[in-house]
Amino acid sequence: MIIDTHAHYDDEQFDTDRDELLKKMQENGIGVIVNAGSTIESWDKIRRLTEEYPFVYGAVGVHPDETGSLDEAGMAEMERMLDLEKIVAVGEIGLDYYWDNEAHEVQKKWFIRQIELAREKEMPVIIHSREAAADTFEIMKEHAAGMKAVIHCYSYSPEMAREYVKMGYYIGVGGVVTFKNAKKLKEVVEEIPLSSIVLETDCPYLAPEPYRGKRNCSLYLPYVAEKIARIKGVSVEEVVSRTEENSRDLYGLRDN
Ligand code: NI
């Protein structure tokens, strides 16, 4: 089965047809979806999705762009949510110097605090990092050594990817790999082993070709799997089964 390791079905872009869409997933081979958290407000919606759909799991965290709204009460609420059975990770958390919505010191402080909470709870982390390669790497090395992690929507060099692979982390690959101008990501996929790759949509964003620019959803993941298979010279079935295994290891999901 295909596992979508990073989706945002709580997004309002799915308000008109969320249920209809999610009901189609399993018959189309999408066996598990992990819905990542981005704001404190998203967490309750995510909890409800995990209660309504047996194949939907959740993560709670505060995206770097939103860290200005995080405080001790928010951290306490996150800790309570992490005790729920279907909340399987802390994320997405990290650094975003592209949008630069919050001061770097604020982003770093809450990135580290959320990693520390995940460590305490023995849970994996979902990392968002944009134009912040060096600072992200430094913080991961210092604070997340030995933890399970995925570098979601990976956008850096093949060299850095190899370093993360050495640290035991997974690299999240989504629709971008199908884009004509995604030379760097194709190199990354070529160079790292399949045993370090997980599939993701980041939907509603980043739809693969031939849907680029449209609303993304997990049903388009076969296009991503096909592209990875072609780059690595293996069958699509191998990409699907290996990334399933990787995703289960990442999030501690049993086969059921
Ligand atoms: Ni995301």
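I shall go through the sheet and its helices, then the metal site, the cysteines, and finally some details of the backbone.

Please note at the outset that this is a predicted model, in which local features need pLDDT of at least 70 and side-chain atom pairs count only at pLDDT 80 or more, while totals for chains, interfaces and linings use all residues. Residues are numbered from 1 along each chain as its sequence is written, and side-chain values use heavy atoms, with hydrogens and water left out.

Let me begin with the sheet. Its eight strands form an open sheet with parallel pairing, in the order β1-β2-β3-β4-β5-β6-β7-β8. Strands and helices here are DSSP runs numbered from the N terminus, a strand being E of at least two residues and a helix H or I of at least four; two strands pair if DSSP finds at least two bridges between them. At the edges are β1, residues 2-7, and β8, residues 197-199, each of which pairs on one side only. On average, and with direction ignored, neighbouring strands of this sheet are turned by 30° against each other. For such angles, axes are lines fitted to C-alpha atoms, for helices over the stretch in contact, and the angles run from 0 to 180 degrees between N-to-C directions.

I turn now to one strand, β3. Strand β3, residues 56-60, runs parallel to β2, residues 30-35, and three bridges join them. Within this pairing, V34 has Y57 as its bridge partner, and N35 has G58. Towards β4, the pairing is again parallel, over three bridges, and V60 stands opposite V90.

Is β3 mostly covered or mostly uncovered? Mostly covered: five of its five residues are buried, where buried means under 20% relative accessible area, exposed over 50%, and partly exposed in between, with a 1.4 Å probe and protein chains only. On one side V56, G58 and V60 are buried, and on the other Y57 and A59.

Which strands does helix α2 lie across? Helix α2, residues 40-52, lies across β2, β3 and β4, running at about 160° to β3. Helix α8, residues 221-232, also packs on the sheet, touching β1, β7 and β8, and its direction makes about 155° with that of β8.

Strand β4 also holds L95, a buried residue with a relative accessible area of 0%. Leaving aside neighbours within four places in sequence, L95 is in contact, meaning heavy atoms within 4.5 Å, with residues including P64, F111, H128 and I139.

Next, the metal site. Which residues supply the protein donors of the nickel ion? They are H6 and H8, each through NE2, E92 through OE and D202 through OD, lying 2.1 to 2.2 Å from the ion. Donors are N, O and S atoms within 2.8 Å of the metal, or 3.2 Å for Na, K and Ca; water is not among the atoms, so sites may look incomplete. Along the sequence the donor residues are spaced H-x1-H-x83-E-x109-D. Both H6 and H8 are buried.

The arrangement is irregular because the four donor atoms subtend angles of 86 to 174° around the nickel ion. Four donors count as tetrahedral if all angles lie between 85 and 135 degrees; four count as square planar and six as octahedral if opposite donors are over 155 degrees apart and all others between 65 and 115; anything else is irregular.

Now the cysteines. A search of the whole structure finds zero disulfides, a disulfide being a pair of cysteine sulfur atoms within 2.5 Å. For C203, the nearest cysteine sulfur is that of C217, 6.6 Å away. C203 is buried at a relative accessible area of 0%, and C217 also counts as buried, at 5%.

Lastly, the backbone. The peptide bond from C203 to P204 is cis, with omega near 15°, and another cis bond joins E209 and P210, with omega about 5°. P204 lies in the loop between β8 and α8, and P210 is found in that loop as well.

E122, which is not a glycine, has a positive phi of about 55°. It lies in the loop between α4 and β5 and is exposed, with a relative accessible area of 73%. E131 also has a positive phi, near 50°; E131 is found in the loop between β5 and α5 and counts as exposed at 52%.
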